[in-house]
Amino acid sequence: MLDHLLDSGECGDLLRVKGFVCSDGGGIAVNYTVSGRSMTRCGATRPMLNFIGRGVNRAQIKALLETAVQQ
């Protein structure tokens, strides 16, 4: 999902996504840039993602993430 958000351009010119997501196995630290991507286990208990770039379409990002969560 994050690869699509960064590479497609449909949500703006995203340069970086960083923050935390929660999974059944615990928290995951997310650090995506145009040159590299990493996800590592962490102690996060609340999800929070920051999208950094130009022309960021927050409504589109929200809709795509909500669709992904429902699947």
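This is a predicted model: local features need pLDDT of at least 70, side-chain atom pairs count only at pLDDT 80 or more; totals for chains, interfaces and linings use all residues.
**Reading salt bridges and a sheet**

Visitor: With which residue does Arg54 form a salt bridge?

Guide: The general idea is that side chains of opposite charge can pair when their charged atoms come close. In this structure the partner of Arg54 is Asp13, and the closest N and O atoms of the two are 2.8 Å apart. The pair links distant parts of the chain, since Asp13 belongs to strand β1 (residues 13-23) and Arg54 to strand β4 (residues 48-54), 41 residues apart. Asp13, at 36% relative accessibility, counts as partly exposed.

Visitor: How many salt bridges does the structure hold?

Guide: There are 3 salt bridges. One of them joins Asp7 to Arg37, with 3.2 Å between the closest N and O atoms. This pair also links distant parts of the chain, as Asp7 lies in helix α1 (residues 2-8) and Arg37 in strand β3 (residues 37-42), 30 residues apart. Asp7 is exposed at 58% relative accessibility, whereas Arg37, at 34%, is partly exposed.

Visitor: What separates Glu66 and Lys62 along helix α2?

Guide: These two residues form a salt bridge as well, their closest N and O atoms being 4.0 Å apart. They are 4 residues apart in helix α2 (residues 58-70), so about one helical turn separates them. Lys62 is exposed, at 52% relative accessibility, while Glu66, with a relative accessible area of 40%, is partly exposed.

Visitor: In what order do the strands of the sheet stand?

Guide: The sheet is an open one of 4 strands, in the order β3-β2-β1-β4, and its pairing is antiparallel. β3 and β4 stand at the edges, where each has a single partner strand, so one side of each is left without a neighbour in the sheet. From one strand to the next, the twist averages 10°.

Visitor: How many bridges join β1 to β4?

Guide: In a sheet, two strands are taken as a pair if at least two bridges are found between them. Here β1 and β4, which run antiparallel, are joined by 7 bridges.

Note on methods. Residues are numbered from 1 along each chain as its sequence is written. Side-chain values use heavy atoms; hydrogens and water are left out. A salt bridge is a side-chain nitrogen of Lys or Arg within 4 Å of a carboxyl oxygen of Asp or Glu. Helices (H or I, at least four residues) and strands (E, at least two) are DSSP runs, numbered from the N terminus. Buried means under 20% relative accessible area, exposed over 50%, partly exposed in between (1.4 Å probe, protein chains only). Axes are lines fitted to C-alpha atoms, for helices over the stretch in contact, and angles run from 0 to 180 degrees between N-to-C directions.
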